[in-house]
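Please read these notes with the structure open beside you. They go through a few points in turn.

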Amino acid sequence: MVVIIACYMLGELFYEQLRKRLINLKELHKVGRVFKANIRYTGEDIEEIMKNIYDRVGGEIKEFIGEIITRIGIRESNDVNDLWKISVREKLESMFLSEDELLIINRFGDTLGIMDKEMQIENTELYLDELQIKIDDLEKDLKQKKKLYKTLSIATGIFIVLLIV
């Protein structure tokens, strides 16, 4: 019985990782929406925009944005896109995001602060569209994989018990 429960819990762990990934993607999408609104309507510099974003996001993404603000504040580099990539590597790569998702996030960071207002808005819209596709795909997968993880984990636990007996 302990083996079956352990296998079931492993399936729940896999599902929870997917769920956290979806939450993080939605928060990253919020980052883009807030960034776009700030570029369009406030004309603030990148540091102020990041502070506004920090106030509006939560969880692990808040830590990521906080890391960027800290790096900008100590002037670790003059290129915001370099600071973005360093922060992605240090904070986001451990969040179960796929390589494609990390690529989208890094591409968004490549253009931070180096384009005019309209191009920055266009780039942000591209980022939001690409991220929304990933979110939609993951939401579909999440429903299917929840059942799959539960079924396979219980079946694996039963199979292991049968092998042991």
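Which residue forms a salt bridge with E16?

1. The partner is R19, with the closest N and O atoms 2.6 Å apart. A salt bridge here is a side-chain nitrogen of Lys or Arg within 4 Å of a carboxyl oxygen of Asp or Glu. Both residues sit in helix 1, 3 residues apart, about one turn of the helix. Helices are DSSP runs of H or I with at least four residues, numbered from the N terminus.

2. This is a predicted model, in which local features need pLDDT of at least 70 and side-chain atom pairs count only at pLDDT 80 or more, while totals for chains, interfaces and linings use all residues. Residues are numbered from 1 along each chain as its sequence is written, and side-chain values use heavy atoms, with hydrogens and water left out.

3. E101 and R21 also form a salt bridge, at 2.8 Å between the closest N and O atoms. E101 lies in helix 5 and R21 in helix 1, so the pair ties together parts that are 80 residues apart in sequence. E101 is buried at 1% relative accessible area, and R21 is buried at 17%. Buried means under 20%, exposed over 50%, and partly exposed in between (1.4 Å probe, protein chains only).

4. K36 and E125 meet in a salt bridge of 3.2 Å, N to O. K36 belongs to helix 1 and E125 to helix 6 (residues 117-164), so this pair links parts 89 residues apart in sequence. Salt bridges that share partners join K36, R40 and E125 into one network.

5. F96 lies in the loop between helix 4 (80-92) and helix 5 (99-110). Its phi is near 65°, a positive value in a residue other than glycine. Most residues other than glycine have a negative phi.

Technical notes:
Helices (H or I, at least four residues) and strands (E, at least two) are DSSP runs, numbered from the N terminus.
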